Amino acid sequence: MAQKTSLSGPPAAIGPVAEPGNTPQAATTAPTTTDIELTRLMEAIYLKYSYDFRDYSGASQKRRVLYALTQLACPSISELQSRVVHDPRVFQQVLQYLTIPVSEMFRDPSFFLALRQQVVPHLRTYASLKVWIAGCSTGEEVYSLAILLREEGLLERSLIYATDINPASLDKARQGIFPLSSIRGFTANYQQSGGKRAFGDYYTAAYAAAIFDKSLRENIVFADHSLATDSVFSETQLVLCRNVLIYFTKKLQDRAFGLFHESLGHRGFLGLGSKETIDFSSYATRFEPLVRAERIFRKRPGLG
């Protein structure tokens, strides 16, 4: 497999996710064999494939790797490391466990309602819009935003960058096909988020799947991008990165916030997940809350 190239995509949190081992008591505890093996696996993945998971949340990462061991019938993390290094196909399998997609359309409907009511009026003032959805997974949030922008008359003058580190997830996102069994929940979310039409107008049902209108994808660019290693996109007016940062250490959270700050133009908007906040990061003073309850922030003026 070719190396990944750069582009130039917990608890009820009120701050960065605390890592087991960040407390003074835990700091004196020697790492377990599992911890050592896990560290070596992530280092090997980075050196071999340029995917950097070294600053992902340790507890979540450990759970996912241990689950991968059972699914791949692998006796130990060290053995898994050997397989990953020598067989790119195994790495692709492991990647699916490290980046388990958990998403739904119009997730947290009140967030999308706040976007409509509090952010869209500002976005209307731009002749053209650029939006970055970082960590887009299999695309549910991308299509949600595309529908919202269409209903607000903004999609045709928007360019949406939808990024993720998982090629398989990006392929699914490009297809715009979701299980028909999920549509009932998606529809309820859409209605609660202030949707203005029948949700069924946006997809065709066929073979137990919902195929979303391809016109929604015309203004979307799906791209491979890592918040751990890659740089920013050109000036954007809105950045969404929801339910991704909870899996990062504080160091990696700060790197991501730096990318978002650099990407956003003057007075741009940042939307985070319901259990995430910028308040305790090194970029806290560079943003101000617009709708704090929904984790929507705005770049402060005069700070770069």
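**A closer look at the strands and rings**

A: Let's start with β1 (residues 129-134) and β2 (residues 158-164), two strands that run parallel and are joined by six bridges. Strands pair when DSSP finds at least two bridges between them. Strands (E, at least two residues) and helices (H or I, at least four) are DSSP runs, numbered from the N terminus. One spot to look up is isoleucine 133, which stands opposite alanine 162 in β2.

A quick word on what you're looking at: this is a predicted model, where local features need pLDDT of at least 70 and side-chain atom pairs count only at pLDDT 80 or more, while totals for chains, interfaces and linings use all residues. Residues are numbered from 1 along each chain as its sequence is written, and side-chain values use heavy atoms, with hydrogens and water left out.

Now zoom out a bit. β1 and β2 belong to an open sheet of seven strands in the order β6-β2-β1-β7-β8-β10-β9, with mixed pairing. The edges are β6 (220-224) and β9 (287-291); each has a single partner strand, so one side of each has no neighbour in the sheet. From one strand to the next, the twist averages 20 degrees. Packed on this sheet is helix α8 (residues 167-175), which touches β2 and β6, and its direction makes about 165 degrees with that of β6. Contact here means heavy atoms within 4.5 Å. As for the angles, they run from 0 to 180 degrees between N-to-C directions, and the axes are lines fitted to C-alpha atoms, for helices over the stretch in contact.

Next, some other strands. β3 (residues 177-179) pairs with β5 in the antiparallel sense over three bridges, and proline 179 has alanine 209 in β5 as its bridge partner. β5 also pairs antiparallel with β4, over four bridges. β4 and β5 form a hairpin with two residues between them, and tyrosine 207 in the turn has a positive phi of about 55 degrees. Tyrosine 203 stands opposite phenylalanine 212 in β5.

Phenylalanine 212 brings us to the rings. The whole structure has 20 aromatic pairs. Rings of Phe, Tyr and Trp (its six-membered ring) pair if their centres lie within 6.5 Å; planes under 30 degrees apart are stacked, over 60 edge-to-face, and the rest tilted. Tyrosine 143 and phenylalanine 212 have ring centres 6.1 Å apart and planes at 45 degrees, so this pair is tilted. It links distant parts of the chain, since tyrosine 143 is in helix α7 (residues 140-151) and phenylalanine 212 in strand β5 (residues 209-212), 69 residues apart.

Tyrosine 190 and tyrosine 202 make an edge-to-face pair, 6.2 Å centre to centre with 75 degrees between the planes. Tyrosine 190 is in helix α9 (residues 183-192) and tyrosine 202 in the loop between α9 and β4 (203-206), so the pair ties together parts 12 residues apart in sequence. Tyrosine 190 and tyrosine 202 are both buried too. One aromatic cluster includes Tyr143, Tyr190, Tyr202, Tyr203 and Phe212.

How values were computed
Buried < 20%, exposed > 50% of the residue type's maximum accessible area, 1.4 Å probe, protein only.
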